[in-house]
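Work through the exercises below with the model open. Try each task before you read its solution.

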Amino acid sequence: MIFLCMFTVIEKYTENVRFCIICNYLGKIIPALQSRCTRFRFAPLQQSQIVPRLQEIVEKEGVKISEDGIKALLTLSGGDMRKVLNTLQSTWLAYRDVTEDNVYTCVGHPLRSDINSILNWLLNENDFATSFQHIQDLKIAKGLALGDILTEIHTIITRLKLPPEVFISLLIKMADSEARLASGCSERIELAALIAAFQQAREQVNIDDLL
């Protein structure tokens, strides 16, 4: 209804007014309105573009922030300056100290130590049930989402010395799990699938050669 009203206004004043519509998801704009617009897509900002502005704001607002806190903000932002500032503000209001751990905790993102623990269980724990219970307990205690865990694990396994066929198979299984999570599948089931995928990968390679 809102878009239809906007469409009417644009049609009425199109001869002497230029409208600028900003959105995050183009698919949420109705086709009739899109057809009246010229699209401009903006790429994510580079870190070199974000850092100077971030430091300027930190200095003017008197925010206490560490180097690892800045890196955490940049990592989580994905090049979105608005997300950097929103996360900075939330972390500062919650903890009065912007560090890596505080940033990750504030947004509910897994800490690096949490991911290292999970990866250790996936790569070294032989008993399926034990590995599942350890990770499930950590997820509940820290309020972690399996989707975030998958994202962080993906970043790490790209640095492991895996044979190409094992690496590709593992990536496909992780991608399938992420897709099923997005469609509403149970996190417990997908956690079990993740552990099974790593145990199958371990059977094909020597774990000592991965690290």
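## Exercise 1: a loop leucine

L144 lies in the loop between α8 and α9. Helices here are DSSP runs of H or I with at least four residues, strands are E runs of at least two, and both are numbered from the N terminus. The model is predicted, so local features need pLDDT of at least 70 and side-chain atom pairs count only at pLDDT 80 or more, while totals for chains, interfaces and linings use all residues. Residues are numbered from 1 along each chain as its sequence is written, and side-chain values use heavy atoms, with hydrogens and water left out.

**Task.** Decide whether L144 is buried or exposed, then list what L144 touches.

**Solution.** 
1. Take the cut-offs: buried means under 20% relative accessible area, exposed over 50%, and partly exposed in between (1.4 Å probe, protein chains only).
2. L144 has 7% relative accessibility, so L144 counts as buried.
3. Look for contacts, meaning heavy atoms within 4.5 Å. Not counting residues up to four places away in sequence, L144 touches G108, H109, P110, D114, L138, K139, I149 and E187.
4. Check a distance. L144 and I156 are 12 residues apart in sequence and 18 Å apart in space, C-alpha to C-alpha.

## Exercise 2: the proline partner

**Task.** Find where P110 sits and which residues P110 touches.

**Solution.** 
1. P110 is in the loop between α6 and α7.
2. P110 is buried, with a relative accessible area of 2%.
3. Set aside residues up to four places away in sequence. P110 then touches Y104, I115, L144, D148 and I149.
4. P110 and L144 are 34 residues apart in sequence, yet their C-alpha atoms are 6.3 Å apart in space.

## Exercise 3: two nonpolar cores

**Task.** Which residues of the largest nonpolar core touch the most other members?

**Solution.** 
1. Define the core: a set of buried Ala, Val, Leu, Ile, Met, Phe, Trp, Tyr and Cys residues joined through side-chain atoms within 4.5 Å.
2. The largest core has 29 residues, and L122, I153 and F198 touch the most other members.
3. Find the suppliers. At least two residues each come from α7 (112-124), α8 (128-142), α9 (146-157), α10 (164-182) and α11 (187-204).
4. A second, separate core has 18 residues, including I57, V58, M81 and V103.
5. Zoom in on F198. Leaving aside neighbours within four places in sequence, F198 contacts L119, L122, L123, I153, I157, L170 and M174.
6. Turn to L119, in helix α7. L119 is buried, with a relative accessible area of 8%. Beyond four places in sequence, L119 touches I153, I156, I157 and F198.

## Exercise 4: helix α4 and its end

**Task.** Which residues of α4 are buried, and what do they pack against?

**Solution.** 
1. In helix α4 (residues 67-77), the buried residues are G69, I70, A72, L73, L74, L76 and S77.
2. These buried residues pack against α3 (47-61), α5 and α6.
3. Take S77: its relative accessible area is 6%. Leaving aside neighbours within four places in sequence, S77 contacts I50, K83 and V84.
4. G78 follows α4 and has a positive phi, near 65 degrees.
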